[in-house]
Amino acid sequence: MIDHLLALDPGRRGIARFFVRGGAAAAARSLSRGRRTVLTTGFTVAPGQPETDGPPGTAALGRALRLLGHKVAYVTDDVTVPILGAALDALGEPTAVLAFDGASDAAVAARRVLASESPTHLVSIERPGRTRDGDYRNARGVSVKPWNLPLDALFLAAPRRVTTVGIGDGGNEIGMGNVRARILRTRALPHSITSVVRVRHLVVAGTSNWGAWGVVAELSRLVGRPLLHSADEERRMVEACVAAGAVDGISRRREATVDGLPLAAHVGMLELLRVFATPTLTGGPTR
C-alpha cells in the first residue's frame, strides 16, 4: 500500500510510466543494514532560490537513520546549506551540513567527501542529475546548471561497496538513469531533461519528500518502531525552510507549500503513510 501512496501523481508528470514498484521497500532493506550514510539534496530553480521539496524529506530520513544507529552526514551546495540546516533544526537534529567544494573540480571534491566519510550508503533526495549532454535541466527543459553544483559526482565516484539510493519525482534527478530507457520509450517526459545518473535503488514518488517518507515508513515496518516525524514537525520544517530562503519549486514564491500543494495535502500524505507504517494498524483483525 505504501507504493500506491507514493505513486499518486498530483503534478500530473506521468510518473506511472516510470514508477519503480517496491523501490522504497528495497531502499529501506538496504539502509537497515547500513552503518554510515551521506545524504544530499537541494534543487535550485533560479539564482538564490532552492526549493522546498527535498530538504524536509532529507532531514526526516536522516533522523530516522540516526535513530537506527547510523552515523549520518549531510552535504550540499552553499545555497542549500541554510535551508537543510533549518529543516534539521526544526526537527531538533544536529545542523552540521558540509558545503560541497566542487565548483572547480567536482570529481576531486567528491572523492574527498567519500574518503572522509567512508559511507556504506549514499542517498540523494531531489537533487539534479546530469543529462546525456552534461547539462542539468528543470522540468521545462531550461538549464539550471549555473545554480546547482554537480553533486552527482559523488554517485559517479562512489566505489561498488557503497550502496546508492536516489529519490525523485520528475525524471531529472540523480538516479533517474535507472528508468531513462523507459522514459524515452514511453515519451513520459522530454528527452532533454532525463538524467543518465544511475543508482542501486531508485524511489519515485509524487514529490521527493513523499519518497523519503516512504523509505522511512518502510524502515518503520522493518524494525517495528515508529520513525516518521509528526504533522507539526512537518509544518515547522517547511516554514523554517521558507524563512531560510526556500521557495515553492512550482510557483517560485516564498510560501510554505511544496510543489504547488498546500501543507495540508502533505500532512495528509504523511498521516496515511503512518497508518501503513504501523503493523498494529494494518495487520488485520486483532480479535
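Is Thr 40 buried or exposed, and why? In this predicted model, Thr 40 counts as buried because its relative accessibility is 0%, and the cut-off for that label is under 20%. Thr 40 sits in strand 1, which spans residues 36–41. Its side chain gets to within 2.7 Å of a backbone atom, namely the oxygen of Val 75. Leaving aside residues up to four places away in sequence, the neighbours that Thr 40 touches include Val 75 again, along with Thr 58, Thr 76, Arg 127, Leu 151 and Phe 155. The stretch Val 123, Ser 124 and Ile 125 is touched as well.

Over at strand 8, the partner is strand 7 (residues 163–168), and the two run parallel across four bridges. Within that pairing, Val 165 stands opposite His 201 of strand 8.

As for nonpolar packing, the largest core takes in 74 residues, and Leu 6, Phe 18, Leu 61, Phe 100, Leu 154, Val 215 and Leu 273 have the most contacts inside it. Another core, of five residues, lies apart from it and has Phe 43, Val 45, Tyr 136 and Val 247 among its members.

Back in the largest core, Leu 6 is one of the residues with the most contacts. Not counting residues up to four places away in sequence, Leu 6 touches Leu 273, and also Ile 15, Phe 19, Val 203, Val 204 and Trp 210, among others.

Conventions
Residues numbered from 1 in each chain as written. Predicted model: local features only at pLDDT ≥ 70, side-chain atom pairs only at ≥ 80, totals over all residues. Heavy atoms only, no water. Buried < 20%, exposed > 50% of the residue type's maximum accessible area, 1.4 Å probe, protein only. Polar contact = N/O pair within 3.5 Å; in protein donor to acceptor, adjacent residues only side chain to side chain. Contact = heavy atoms within 4.5 Å. Core = buried A, V, L, I, M, F, W, Y, C linked by side-chain atoms within 4.5 Å. Pairing = 2+ DSSP bridges.
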